[in-house]
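Please look over the sequence and the model first.

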Amino acid sequence: MNSNLRVCLIVASVMAFLLGLVVIGSGTLVYLNWDKIKTGVHTIAEHMEKRADEGREFGESSNEQGCLDESLKRADGTGAFSALAPSIFFKACLEKAPAANGFCEGTPDATQFLALATWPQGQCAEAGMPNNQGCLQVMQAKLEHCVKQRAVQNSSGQ
């Protein structure tokens, strides 16, 4: 057998063995910690549902701009869910909040691909939160909301 082929077979065998160890080890860790994983997932789901309930409740007594302002206050950048919780609050808040005049002014439309990609970062920088993941998620949600609103308005002929 060619020595190069032999080296390749040995390397492939070692890689397959190591991959097997990783798969077995990962499976064992999941199996041994399944109760903790289930509890953690349940806790996260409850936390996110609570944020959504708070958002809907806030939206009943505010408007789109109020939802945005409150969501950005909640985007403090600390905690495990600092990026996700404010955007969940914001999206749920928008479900109940009436429109605010000029809320979507300045947001790019669906055909401005480069602007769509960079708009959230620019808005967070203007808000003094340049690297805040919560702010980025909220601004992305605002952008999606405004693009969707424009599409609805355009399809209804307004």
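D53 counts as partly exposed, at 40% relative accessibility; in this scheme buried means under 20% relative accessible area, exposed over 50%, and partly exposed in between, with a 1.4 Å probe and protein chains only. The model is predicted, and local features need pLDDT of at least 70, side-chain atom pairs count only at pLDDT 80 or more, and totals for chains, interfaces and linings use all residues. Residues are numbered from 1 along each chain as its sequence is written, and side-chain values use heavy atoms, with hydrogens and water left out.

**Salt bridges**

A salt bridge is a side-chain nitrogen of Lys or Arg within 4 Å of a carboxyl oxygen of Asp or Glu. By this rule the count comes to 6, and the table gives three of these pairs.

| Pair | N to O distance | Location |
|---|---|---|
| D53 and R56 | 2.9 Å | helix α2 (residues 34–60) |
| E70 and R74 | 3.2 Å | helix α3 (residues 64–74) |

Helices are DSSP runs (H or I, at least four residues), numbered from the N terminus. D53 and R56 are 3 residues apart, about one turn of the helix. R56, at 21% relative accessibility, is partly exposed, whereas E95 is exposed at 55%.

In helix α3, E70 and R74 are 4 residues apart, about one helical turn. E70 is buried, with a relative accessible area of 17%, while R74 is partly exposed at 32%. Salt bridges that share partners also join E49, D53, R56 and E95 into one network.

A100 is found in the loop between α4 (84–96) and α5. A100 is buried, with a relative accessible area of 14%. A100 touches N63, E64 and Q65, not counting residues up to four places away in sequence, where contact means heavy atoms within 4.5 Å.

The buried residues of α5 are L116, W119, P120 and C124, and what covers them includes α6 (133–155). After α5 comes G128, whose phi is positive, near 80°.

Methods:
Helices (H or I, at least four residues) and strands (E, at least two) are DSSP runs, numbered from the N terminus.
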